[in-house]
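My entries follow in the order I made them.

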Amino acid sequence: MLEGKAVMGDTDMKQTMKEDALSLASKALDCFDVTEPTQIARFIKKEFDRSYGSGWQCIVGTHFGSFVTHCSGCFIHFSVGSLTILLFKGSVGEPAPPRTDALANLDSIVK
């Protein structure tokens, strides 16, 4: 189990689901090399889909940023060694607010 080895970031999962996530990450790391983050992510995602219903997303890597909308109680972010794992069940967010002139100006600068 990764409980002692994992460095916990943010989570709003109940303890049992959190333990499942850590256990699956441990199994994935036993099955796949750390150089195969896509395989690790696929393994964890499919197992969570099977156990907790479809709609789970998993991101595994060494350097990435994220900004996601998730279902309440369905988010965990932790690191194991050099890998960071983000696991969440997607949710439909609130409608985007109308664009402001500042955002429109940023779009024209970026293009």
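How many bridges join strand β3 to strand β4, and do they run parallel or antiparallel? I found 7 bridges between β3 (residues 70-80) and β4 (residues 83-90), and the two strands run antiparallel. Strands and helices here are DSSP runs, E of at least two residues for strands and H or I of at least four for helices, numbered from the N terminus.

Before going on, I noted that this is a predicted model, in which local features need pLDDT of at least 70 and side-chain atom pairs count only at pLDDT 80 or more, while totals for chains, interfaces and linings use all residues. Residues are numbered from 1 along each chain as its sequence is written, and side-chain values use heavy atoms, with hydrogens and water left out.

**Entry: the chain.** I counted 3 helices and 4 strands in the protein chain. Along the sequence they follow the pattern β-α-α-β-β-β-α. The chain has 111 residues, of which 30% count as buried (under 20% relative accessible area; exposed is over 50%, partly exposed in between; 1.4 Å probe, protein chains only).

**Entry: the sheet.** I read an open sheet of 4 strands in the order β1-β3-β4-β2, with antiparallel pairing. Two strands pair if DSSP finds at least two bridges between them. The edge strands, each pairing on one side only, are β1 (7-11) and β2. From one strand to the next the twist averages 15°. Opposite L87 in β4 stands I76.

**Entry: helices on the sheet.** I checked α1 (residues 15-31), which packs on the sheet and touches β1, β2, β3 and β4. The direction of α1 makes about 40° with that of β3. Helix α2 (residues 37-52) also packs on the sheet, touching β2 and β4, and its direction makes about 155° with that of β2. Angles run from 0 to 180 degrees between N-to-C directions, and axes are lines fitted to C-alpha atoms, for helices over the stretch in contact.

**Entry: helix against helix.** I found that the axes of α1 and α2 come within 9 Å and cross at roughly 145°. In α1, the residues T16, M17, D20, A21, L24, A25, K27, A28 and L29 meet I40, F43, I44, E47, F48 and Y52 of α2 (contact means heavy atoms within 4.5 Å). These residues divide into 11 nonpolar, 1 polar and 3 charged.

**Entry: the core.** Which residues have the most contacts inside the largest nonpolar core? I listed I44, F48, F78 and L87, in a core of 22 residues. Such a core is a set of buried Ala, Val, Leu, Ile, Met, Phe, Trp, Tyr and Cys residues joined through side-chain atoms within 4.5 Å. Two or more residues come from each of α1, α2, β2, β3 and β4, and α1 gives the most, with 6 residues. Residues touched by F78, beyond those up to four places away in sequence, include A6, V7, A21, L22, A25 and I85.

**Entry: two single residues.** Is I59 in strand β2 or elsewhere, I asked, and I placed it in β2 (residues 56-61). I59 is partly exposed, with a relative accessible area of 32%. Leaving aside neighbours within four places in sequence, I59 is in contact with F64, T84, I85, L86 and F88. K14 is found in the loop between β1 and α1, and at 67% relative accessibility K14 counts as exposed.

How values were computed
Nonpolar A, V, L, I, M, F, W, Y, C, P; charged D, E, K, R; others polar.
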